[in-house]
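Q: I have a chain open on my screen and want to get my bearings. Can we go through a few points together?

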Amino acid sequence: MMGKKSNFGVFSQNKACFNFVVKLFGVMMLVQKVCGVEFQVGGSNGVWGVSSDPNAQSFNQWAESRRFQIGDSLVFNYQAGQDSVLLVNEDDYKNCHTESPIKHFSDGHTVIKFEKSGPHYFISGIKDNCLKNEKMVVVVLADRTKQYSSPPPAPAAGSQPPEASVQMNPTPSPISEEPPANAASSSIVTFLGLTGVFATSTALLL
C-alpha cells in the first residue's frame, strides 16, 4: 500500500511539473508573438544589394515566401555610404523614383518595424540598383485580434437591411512558413532547456 501511495505521489508531482513546463512554453510563444519576429532581408546571410548571381532569389521571392504581421521587423544589412533603403509609395516603387521617398535610411543596418497592415514598398536609394531589381514589396497581414469598439447602428424601422459586405485583407500566397533562424533557434534552445529541467526533476523524484 505504501508503495502505491508513493508512486501516486511521484506521478502527481511529475504531472504538475509537466503542466508547468507546458504553460511556461506557451507563455514564451505568446511573448514572441506580441513582441514580433525580426526578419533579415534575404535570409540569415542576406545582404541588401544587387546580386552578381543571375539565378539568385529575388527580394520579392524571399518576401512572398514569408508571412509578416504587425509588430514584426525587417533588418536591412548593407554597406553604409554605398547604398541605402527607401520606403516609397507604389508609383515610385514601380518607376524607381528615388527623389521623394516617404523615409530614407543609410546607416548600413536598418531596422524597420511594421505598425500597420498592407503593402510596404522598398527600393534602393541608387536608381541603377533599383532598376537591377534591388527592390521589394512586403505585404503585412491585418491585425485580426482587434475588435470593434461599438456595434454597428441598428437599421431604422421599415428600412431594408444593408447588403452584406466582404472585407478583404491583403494576404500574400506564401511558399513556405519559415521564421528567421535566430527566432527559431532561440525557441528550440529554450524548449530543450525546459525539457531538460523536467527530465532532471523526474529522475530525482523517482
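Q: Which residues is H109 in contact with, leaving aside its neighbours within four places in sequence?
A: H109 is in contact with V75, F76, N77 and Y78. Keep in mind that this is a predicted model.

Q: What joins the side chains of H109 and N77?
A: A polar contact of 2.6 Å joins them.

Q: Where is H109 found, in terms of strands?
A: H109 is part of strand β6.

Q: And how exposed is H109?
A: H109 has a relative accessible area of 45%.

Q: How far apart are H109 and A80?
A: In sequence, 29 residues separate H109 and A80. In space, the distance from C-alpha to C-alpha is 7.9 Å.

Q: Back to β6. How does β3 run relative to β6, parallel or antiparallel?
A: The two strands run antiparallel, and five bridges join them. Strand β3 covers residues 73-77.

Q: Which residue in β6 stands opposite F76?
A: That is T110.

Q: What holds paired strands together in general?
A: Strands of a sheet pair through backbone hydrogen bonds, in a parallel or an antiparallel way.

Q: What is the strand order in the sheet with β6?
A: The order is β1-β3-β6, an open sheet of three strands with mixed pairing. The edges are β1 (38-40) and β6 (109-113); each has a single partner strand, so one side of each has no neighbour in the sheet. On average, neighbouring strands here are turned by 20° against each other, direction ignored.

Q: New topic. What is the order in the sheet of five strands?
A: This open sheet runs β2-β8-β7-β4-β5, and its pairing is mixed. Here β2 (68-69) and β5 (103-105) stand at the edges with a single partner strand each, so one side of each is left without a neighbour in the sheet.

Q: How do β2 and β8 pair?
A: They pair in the parallel sense over two bridges, and β8 spans residues 135-141. V140 in β8 is the bridge partner of F68.

Q: How many helices and strands are in the chain?
A: The chain has five helices and eight strands. Starting at the N terminus, the elements run α-β-α-β-β-β-α-β-β-β-α-β-α.

Q: What share of the chain is buried?
A: Of the 206 residues, 31% are buried.

Q: Last one: what does the accessible surface of the chain come to?
A: About 13,900 Å², with 58% of that belonging to carbon and sulfur atoms.

Notes: Residues numbered from 1 in each chain as written. Predicted model: local features only at pLDDT ≥ 70, side-chain atom pairs only at ≥ 80, totals over all residues. Heavy atoms only, no water. Pairing = 2+ DSSP bridges. Helix = DSSP H or I, 4+ residues; strand = E, 2+ residues; numbered from the N terminus. Axes fitted to C-alpha atoms, helices over the stretch in contact; angles between N-to-C directions. Buried < 20%, exposed > 50% of the residue type's maximum accessible area, 1.4 Å probe, protein only. Contact = heavy atoms within 4.5 Å. Polar contact = N/O pair within 3.5 Å; in protein donor to acceptor, adjacent residues only side chain to side chain. Areas by Shrake-Rupley, 256 points an atom, 1.4 Å probe, with all protein chains shown as cover.
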